[in-house]
Amino acid sequence: MSERGDRDDEVDLLIDAWSHRLPGVDLTPLDVMSRLRRVANRLGRLRASAFSGAGLAVWEFDVLAALRREDPPHEFSPAQLIEATMIGSAAMTNRLDNLTRRGLVERRPNPRDGRSVLVRLTDEGATRVDAAMRTLAEREAEELRGLSREEQATLAALLRRLGQDAE
């Protein structure tokens with residue numbers, strides 16, 4: 001049993017096993033980080049499922065969501081999209097080609113700079129990304145149902161701090 005009195009889970013068992021093999025190593029960080037990794041993996045599967053219901057891959061959602069969050073007419077330059085999604089230039093070009101072929105975005109000349117283009121979300125792209133976000137919000141709420149609103153706020157604050165410390 002863990003110190004909290006809860007039943008031991010897989011992480012507790014792993015930490016216990018490692019503590020026997022490496023008795024001089026402080027393994028307490030694994031108590032948090034191994035659980036975060038497992039939750040992140042579960043969230044990845046949940047996201048993929050939510051997005052596929054709207055006919056989107058995870059990468060498609062990321063690009064479309066960046067455009068959708070922008071004020072109308074929901075457009076960015078490719079450089080702005082690269083910054084918003086943190087992916088490379090070559091990958092973005094490939095993604096925009098695919099999204100354009102599917103009718104989810106359109107490219108148009110940049111009126112302020114004739115050498116560049118702007119990428120605009122189409123009505124179909126907005127419909128799909130909105131549906132995916134609604135499904136994601138519902139499924140994430142379901143995942144968190146075992147935590148009170150107060151516990152969720154505490155967890156969010158702690159994760160925010162952990163994320164800021166990492167940056």
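Predicted model: local features only at pLDDT ≥ 70, side-chain atom pairs only at ≥ 80, totals over all residues.
1. **Helix 4 against helix 5.** Two packed helices are described by the angle between their axes and the distance between the axes. Start with helix 4 (residues 78-85) and helix 5 (residues 89-101). Their axes lie 10 Å apart, at an angle of about 110°. Helix 4 is therefore roughly perpendicular to helix 5; angles of 65 to 115 degrees count as such. From helix 4, the contact uses Pro 78, Leu 81, Ile 82 and Thr 85. From helix 5 come Ser 89, Met 92 and Leu 96. By class, this contact has 5 nonpolar residues, 2 polar and no charged.

2. **Helix 3 against helix 5.** Helix 5 also meets helix 3. Here the axes come within 11 Å and cross at roughly 90°. That again makes the pair, helix 3 and helix 5, roughly perpendicular. Helix 3 brings Trp 59, Glu 60, Val 63 and Leu 64. Helix 5 answers with Met 92, Arg 95, Leu 96, Asn 98 and Leu 99. The classes here are 6 nonpolar, 1 polar and 2 charged. Look at Met 92 and Leu 96 on screen: they take part in the contact with helix 4 and in the contact with helix 3.

3. Side chains of opposite charge can pair when their charged atoms come close. The structure holds 14 salt bridges. One of them joins Asp 130 and Arg 68, at 2.7 Å from N to O. Asp 130 sits in helix 6 (residues 123-143) and Arg 68 in helix 3 (residues 58-69), so the bridge ties together parts 62 residues apart in sequence.

4. Most residues other than glycine have a negative phi, and most peptide bonds are trans. Now check the loop between helix 3 and strand 1 (75-76), where Pro 73 is placed. The peptide bond joining Pro 72 and Pro 73 is cis, with omega about 15°. His 74 is found in that loop between helix 3 and strand 1 too. His 74 is not a glycine, yet its phi is positive, about 55°.

5. **A nonpolar surface patch.** Which residues make the nonpolar surface patch of about 540 Å²? They are Val 32, Met 33, Leu 144, Leu 147, Leu 155, Leu 159 and Leu 162. Helix 2 (28-52) and helix 7 (149-166) each supply at least two residues. Helix 7 gives the most, with 3 residues. Leu 159 is placed in helix 7.

Key
Residues numbered from 1 in each chain as written. Heavy atoms only, no water. Axes fitted to C-alpha atoms, helices over the stretch in contact; angles between N-to-C directions. Helix = DSSP H or I, 4+ residues; strand = E, 2+ residues; numbered from the N terminus. Parallel < 35°, antiparallel > 145°, perpendicular 65-115°, else oblique. Contact = heavy atoms within 4.5 Å. Nonpolar A, V, L, I, M, F, W, Y, C, P; charged D, E, K, R; others polar. Patch = residues over 30% accessible without salt bridge, like charges linked within 9 Å, V, L, I, M, F, W, Y side chains within 5 Å. Areas by Shrake-Rupley, 256 points an atom, 1.4 Å probe, with all protein chains shown as cover. Salt bridge = Lys/Arg side-chain N within 4 Å of Asp/Glu carboxyl O.
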